[in-house]
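Try each task before reading on to its solution.

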Amino acid sequence: MASLIQYIKPSHLQCVACRTNGSKINIFHRLLPKNYSKQYARLLTPQKMESASDNNSLIRPDLANYCGASNLAMNERIRKLIKEGQNIYHLAFGQSPFPVVEEAIGGLKQHAGENGYLPVAGIQELREGISRFHARHDDLHLDPSNIIVSPGTKELIFLLLTVFHGDVMVLSPSWTTYKPQIMLARHTPIVLETCMEDEWRLTPELIDKTVKENNLHHNRLLIMCNPDNPTGTCYTEKQLQNLSTKLREHNILVLTDEIYARLHYEANHKSIAKYYPEGTILSTGLSKWASAGGWRLGYHHYPTELESLREAVRSAASHSYSCAPAPMQFAAAQLFRCEQECDNYIKHTTRIMAAVGDYTYRELTSVGVKGVKPKAGYYMFPDFEVLREALNRRGMTTCEEVCQALLNEASVALMAGGPAFLRPEKELTTRLCFVNFDGKIALEESRKLGLDNQLPEDFVKNYCTLTYEGIQALKNWLLDQLRR
């Protein structure tokens, strides 16, 4: 029993669902803190929390300066300005520009009347479809019984962090939600700072350094994103093999967020789950490759070796979201059966994103901006250090100030690298999302051309026009600053 539950917080072990030698021991009936639902609802407001410096505060002291998801708050703010009539190039939010895969829409129409509570882990048909999908694309053989389906992967990440007993590590830069969720789950995040020279990748040397400099718990969990948000970087097979060796050596489990895996521009995504299967929790879903972000359907896969964690998370799911929405589950199960249609959709949308990513990188680096060329997904993480002297003359020293000036003077919205993405506030890195174009028009044109024909050189200008114009507006603003 002890070996099965070592990764679960003792405070959450009033009763835990586990199996030893095939026999069930107790049931898990209390995973989450008292008043969980009230605390969680209030903490997700976009404003900072009230002061928690006194004992009468309703907010936990460690969440005194806590606030909602910065990317969502930014998106709401910019969308409000656009709705009010302002012309803004919205390069600050990473949402698929394309319409939902047609076969998924058809499946949703067919199953819209499904209204029953479903198995907590998801319907068998969907979990089997997920397993076949990853076998085809990633050469991973996932056991459907080890998959948990949820209303988006955010929920599963949070529940995992809530039940996990040990230290949690996160990279810098990283997606805006990881660190806040770590804090919500009552962990103190250990931040590993990557660098542009390594293309923002985690390295074995950085793992060694972190273990040496910190008095870590026996249980350790690292969160990584591959392909990466916010940098657009990816890992090669050799790099993942080296990381796996080091993670195994230091007894570090890894939660690999691979929501952008199908958006690899060369269709050559590599998952660390293939090289470190016994210690990897795979997180992904339909939000990006199927353009179904608002459908909220994601899933995790746990290796058999981490059965205790899977069962703890599944039990937590039963006490929080109960099950993923029934119509979405049946529609997704139907979608996974449409293999050729899905593959063609992925090929068209990915080559469009590759063209836009190449254009963005080429234009910005042509005026001295530094950055890693995007290899997948929607993002570039440009560094505007070339403007440091010019910006200092204007009294601007932080990236937040630069982004505000960009919005006011060029109508271009970007998100600062710090603090939201865990970069220093005076570092001039930003996350740029090159997805603010009409994906329906671009997809239709790509299909007309056919996959046997390359996209023409003027494709981005003619069919991804808002992004083309936004990058030009940003580039012109940069040149104006350099001329000052």
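Task: Among contacts between residues at least 6 apart in sequence, what percentage join residues at least 24 apart?

Solution: In this predicted model, 74% of those contacts join residues at least 24 apart. For context, the protein has 17 helices and 14 strands. Of its 484 residues, 58% count as buried.

**Exercise 1: a helix and its length**

Task: Check whether the end-to-end distance of helix α14 (residues 399-410) fits its number of residues.

Solution: Start with the count, which is twelve residues. The expected span is 1.5 Å times one less than the number of residues, so at 1.5 Å a residue α14 should span 16 Å.

Now look at burial, using the cut-off of under 20% relative accessible area. In α14, the buried residues are C399, V402, C403, A405, L406, L407 and A410. Finally, step just past the helix: S411 takes a positive phi of about 60°.

**Exercise 2: two helices in contact**

Task: Describe how helix α6 (residues 153-163) packs against helix α10 (residues 307-318).

Solution: Begin with the geometry. The two helices pack at an angle of about 115°, and their axes are 9 Å apart. The crossing of α6 past α10 is right-handed.

Then list the residues that meet. From α6 come L156, L159, L160 and V163, and from α10 come L309, A312, V313, A316 and A317. Sorted by class, this contact has nine nonpolar residues, with no polar and no charged ones.

**Exercise 3: a buried strand**

Task: Which residues of strand β4 (residues 147-150) point one way, and which the other?

Solution: I147 and V149 point one way, while I148 and S150 point the other way. All of them are buried. Next, find the partner: β4 pairs with strand β10 (residues 298-301) in the antiparallel sense, over four bridges. Within β10, G298 stands opposite S150.

**Exercise 4: an open sheet**

Solution: First write down the order. Three strands form an open sheet, β11-β14-β13, with antiparallel pairing.

To look at one pairing in detail, take β13 with strand β14 (residues 430-433): they are antiparallel and joined over two bridges. The bridge partner of A416 in β14 is T430.

Key:
Residues are numbered from 1 along each chain as its sequence is written. This is a predicted model: local features need pLDDT of at least 70, side-chain atom pairs count only at pLDDT 80 or more; totals for chains, interfaces and linings use all residues. Side-chain values use heavy atoms; hydrogens and water are left out. Two strands pair if DSSP finds at least two bridges between them. Buried means under 20% relative accessible area, exposed over 50%, partly exposed in between (1.4 Å probe, protein chains only). Axes are lines fitted to C-alpha atoms, for helices over the stretch in contact, and angles run from 0 to 180 degrees between N-to-C directions. A crossing is left-handed if the near helix is turned anticlockwise from the far one by less than a right angle, and right-handed if clockwise. Contact means heavy atoms within 4.5 Å. Ala, Val, Leu, Ile, Met, Phe, Trp, Tyr, Cys and Pro count as nonpolar, Asp, Glu, Lys and Arg as charged, and the others, Gly among them, as polar.
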